[in-house]
Amino acid sequence: MQDLAPAPELSERRKALFEPLEPVTNINGKRPSAESLLPPPDFDATTYPKGWLIGKKRKLVNVDVVESMRRIAVQEMNRKDREIDGLNEQLEEDARCLEHLQLQLLQERSKRSEVERENGMLQDQVTMLMNMLGEDDPVDDEGPDAP
């Protein structure tokens, strides 16, 4: 259990994703509260720089970032739609293949039942012929034995 694989080294770019955007500590060396990062409830949109707006939870967000995120979300949805379309096409192809295999199975079963029926008829004929031969043999055996 102690010999776990070491964590892979992260590139500088990936490390940057996990770093905070703002300094973690304020002047006093303490972490600022979440409330202090929010704009006041009676904010005036004109006091904020151009290109910024108030998003969810009264946080300031950059319009370009929001638009970029929206574009990425739309691209992701389109990619998922294409993936779903591809899976639906594969499903339809699989359904056609399954139907074809079911027809083949039905044909093979009917062939098998026909062959079994023919085998039964042939077996009956063989049995009948063996019975006929069996009836003829005792008569022939009795003839030469009789004085």
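Reader: What separates Arg112 and Glu116 in helix α3?
Author: About one helical turn, because Arg112 and Glu116 are four residues apart in helix α3. A helix here is a DSSP run of H or I with at least four residues, a strand is a run of E with at least two, and both are numbered from the N terminus. This is a predicted model: local features need pLDDT of at least 70, side-chain atom pairs count only at pLDDT 80 or more, and totals for chains, interfaces and linings use all residues.

Reader: What makes Arg112 and Glu116 a salt bridge?
Author: The closest N and O atoms of Arg112 and Glu116 are 3.0 Å apart. A salt bridge needs a side-chain nitrogen of Lys or Arg within 4 Å of a carboxyl oxygen of Asp or Glu. Therefore the pair at 3.0 Å counts.

Reader: Why is Arg112 called exposed?
Author: Its relative accessible area is 58%. Buried means under 20%, exposed over 50%, and partly exposed in between, with a 1.4 Å probe and protein chains only. So Arg112, at 58%, is exposed. Glu116 has 44%, so Glu116 is partly exposed.

Reader: How do you know that Glu108 forms a salt bridge with Lys111?
Author: Their closest N and O atoms are 3.9 Å apart. That is within 4 Å, so the pair counts. Glu108 and Lys111 lie three residues apart in helix α3, about one turn of the helix.

Reader: What about the side chains of Glu67 and Arg70: where do they stand?
Author: They meet in a salt bridge at 2.7 Å, N to O. Glu67 is partly exposed because its relative accessibility is 31%. Arg70 is partly exposed too, at 46%.

Reader: How many salt bridges does the structure hold?
Author: Five. Glu76, Arg79 and Glu83 are linked in a network of salt bridges.

Reader: What makes Asp81, Asp85, Glu89, Glu92, Glu93 and Asp94 a patch?
Author: They gather on the surface with negative charge. Asp and Glu count as negative. A patch takes residues with over 30% relative accessible area and no salt bridge, joining like charges within 9 Å. Asp85, in helix α3 (residues 63-145), has 44% relative accessibility, so Asp85 counts as partly exposed.

Reader: In what order do the elements of the protein run?
Author: From the N terminus on, α-α-β-β-α. That gives three helices and two strands.

Notes: Residues numbered from 1 in each chain as written. Heavy atoms only, no water. Patch = residues over 30% accessible without salt bridge, like charges linked within 9 Å, V, L, I, M, F, W, Y side chains within 5 Å. Areas by Shrake-Rupley, 256 points an atom, 1.4 Å probe, with all protein chains shown as cover. Charge placed at Lys NZ, Arg CZ, Asp CG, Glu CD.
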